[in-house]
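Reader: I would like to learn how to read a few features of a model, one at a time. Could we begin with the backbone and work towards the ligand?

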Amino acid sequence: MGLFRLGFQSHRLHLLHSVPETVSVSRSTFWVQNLTHNKIIKHFALPSSSTLRSKLVIAKALSTEAGAVSQSTKMVKAIRVHEHGGPEVLKWEDVELGEPKEGEIRVKNKVIGVNFIDIYFRKGVYKTAMPFTPGMEAVGEVTAVGPGLTGRKVGDVVAYGGNPIGSYAEEQILPADKVVPVPPSVDPIIAASIMLKGMTAQFLLRRCFKVESGHTVLVHAAAGGVGSLLCQWANALGATVIGTVSSKEKAAQAKEDGCHHTIIYKEEDFVTRVNEITSGQGVEVVYDSVGKDTFEGSLACLKTRGYMVNFGQSSGIPDPVPLPALAAKSLFLTRPSLMQYTATRDELLESAGEVFANVASGVLRVRVNHKYPLSQAAEAHADLENRRTSGSVVLIP
Ligand SMILES: NC(=O)c1ccc[n+]([C@@H]2O[C@H](COP(=O)([O-])OP(=O)(O)OC[C@H]3O[C@@H](n4cnc5c(N)ncnc54)[C@H](OP(=O)(O)O)[C@@H]3O)[C@@H](O)[C@H]2O)c1
């Protein structure tokens, strides 16, 4: 047990084990302070009619309980967000971590994946309660399991990608049904680089629109975390892959990742180029994560009855789409999210299983191009947001 102090509103502070019974208490509330962490851990109000002796008896009993609570609460370092804004709002702080409850596990993170969605939450494009710890992807070792939980044990290496938010932490509590075991053959860095991004590629190519041999697909941000995997996987499925990127260096990477054609969309009009490449036919599907800057052009690149899959908005949310814009070519439009495609345990296991199998067979070569200490998450965000990264970005606690 840490060192505790009992405080009354009169600001008299006494070591709990030596509270003098003669102390005069003018008010009826007191608190218990954990001196080890310099934190008030419990506040109590007592009936004003209580005698001094009964107040002290109750105070001692309650503070013992508070001590027990505190004993099972450990402090870990994490990135915290108290206000929306730029990378500077990512603060490196101490946070309390409790014990896992029923259905939960505690996981000591080895590697944490950084995703563009973390930027949306930081900026407030997507909302969650404040303050919060960002991050939706990590690999770690189980350090405790909740009461009665079977199927997971201390020492297991597990991965998760998606909900809940909170992976930018040395250790975190997770629902056991949201994690999957990491095959021993897969390095934790690779697993943390591919859980969320790989499962995204899986549902986009295999379920949202089913890519088949002979299809032509257009992938925007083809050298990015998800983009790099989409290109490799679509190529392996037998599709002709066209990828857009912002620089020559990224174009070279996209080529290595299976893009048959690359377009530097900062310099060339991608609609004209897709038209040339497909001899005016257009593509079966566009995987568009850029959003505002590319959306309209993406619709123009589709062939009749083509699929417009807008799964992100790194440049901003696209303008509303008038239905007649789809009618001209009988287009399909969807705005899918990984969360809805891994909503059941079976879907999660199937999706992750297919990703790990593709890593093992060499279909997916995972590019872990950027590693940062967890404490420097702000630098990682600035680089990702300013298009200075390619492939996957990870944080190491
Ligand atoms: N719907 C889902 O379930 C789901 C799941 C995962 C990811 N996503 C989305 O997929 C996209 C990719 O995620 P990621 O984590 O792998 O990131 P990423 O692709 O590695 O990074 C974003 C890339 O977008 C491109 N980009 C174009 N315009 C941009 C702009 N104005 N600002 C910043 N970047 C711009 C940049 O590539 P260039 O420099 O080559 O242009 C940049 O590198 C994101 O939009 C994310 O929200 C969606």
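Reader: Where is the place of Pro164?

Author: Helices (H or I, at least four residues) and strands (E, at least two) are DSSP runs numbered from the N terminus, and in those terms Pro164 sits in the loop between strand E9 (157-161) and strand E10 (171-175). The peptide bond that joins Asn163 and Pro164 is cis, with omega about 5°. A cis bond also leads from Met130 to Pro131, with omega near -15°, and Pro131 belongs to the loop between H2 and strand E8 (137-145). This is a predicted model, in which local features need pLDDT of at least 70 and side-chain atom pairs count only at pLDDT 80 or more, while totals for chains, interfaces and linings use all residues. Residues are numbered from 1 along each chain as its sequence is written.

Reader: Is Ala221, with its positive phi, buried or exposed?

Author: A residue is buried if 20 or more other C-beta atoms, placed from the backbone, lie within 10 Å of its own, exposed if 12 or fewer, and partly exposed in between. Ala221, which has a phi of about 50° although it is not a glycine, counts as buried because it has 28 C-beta neighbours inside 10 Å; it lies in the loop between strand E12 (216-219) and H4. Arg305, in strand E16 (residues 302-310), likewise has a positive phi, near 65°, but Arg305 is exposed, with 10 other C-beta atoms within 10 Å.

Reader: How do the axes of H2 and H11 cross?

Author: Axes are lines fitted to C-alpha atoms, for helices over the stretch in contact, and angles run from 0 to 180 degrees between N-to-C directions. The axes of H2 and H11 come within 10 Å and cross at roughly 105°. Angles of 65 to 115 degrees count as roughly perpendicular, and therefore H2 and H11 are roughly perpendicular to each other. Taking contact as C-beta atoms, placed from the backbone, within 7 Å, Phe116, Ile119 and Arg122 of H2 meet His381, Leu384 and Glu385 of H11.

Reader: Which residues are the closest to the ligand?

Author: A residue is near a molecule if its C-beta atom, placed from the backbone, lies within 6 Å of it. Here 30 residues surround the ligand, and the closest are Gly224, Gly225, Ser246, Ser289 and Gly312. Helix H2 (116-123), helix H3 (188-208), helix H4 (225-236) and helix H11 (377-385) each supply at least two residues of this shell.

Key: Parallel < 35°, antiparallel > 145°, perpendicular 65-115°, else oblique. Contact = placed C-beta atoms within 7 Å.
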